[in-house]
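Dear colleague,

Please find the structure below, handed over for your records.

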Amino acid sequence: MAKRDRRRAEADFDLDSDDEREAGPPPACWLCLRPLGEKVDQYHPVPKSKGGRATVPLHPICRRTIETVFTNAELARTAGNRDTLIDHPEIVRFLGWVAEKAPDFDAPTAPRRKR
Ligand SMILES: [Zn+2]
């Protein structure tokens, strides 16, 4: 598939930069890129149990969506690459839907983990 898209968002999300962030642009959600609201989940895109160390800020609803759509094993395979996640049809649909919601918007997400 579209290989040239793979690196699209990586410049904005350097997972390795743990330096103290000084006043910069307002933090954005790693998944949906909207500004973060009051509740921020620090998430391991690669599960800790799979050796992931870096964390990224997510809206609670975005975190739950990732956890609903992907298993830990699948997340480990993405190696923390956001572009792989947002290629998934469920994520594409979620991003389209959530794009216009307020930063603190939250809603129950239906559990539909597939096997
Ligand atoms: Zn988000």
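**Findings**

Residues 24 or more positions apart account for 62% of the chain's contacts with a separation of 6 or more, a contact being two residues whose C-beta atoms, placed from the backbone, lie within 7 Å. Please note that this is a predicted model, in which local features need pLDDT of at least 70, side-chain atom pairs count only at pLDDT 80 or more, and totals for chains, interfaces and linings use all residues. Residues are numbered from 1 along each chain as its sequence is written.

The chain has four helices and two strands, in the order β-β-α-α-α-α along the sequence. Helices (H or I, at least four residues) and strands (E, at least two) are DSSP runs, numbered from the N terminus.

Of the 115 residues, 19% are buried. A residue is buried if 20 or more other C-beta atoms lie within 10 Å of its own, exposed if 12 or fewer, and partly exposed in between, with C-beta atoms placed from the backbone.

Beyond its neighbours within four places in sequence, C29 is in contact with R34, L36, P57, L58, H59 and C62.

Finally, A79, in the loop between α2 (72–78) and α3 (82–85), has a positive phi of about 55° although it is not a glycine.

Kind regards
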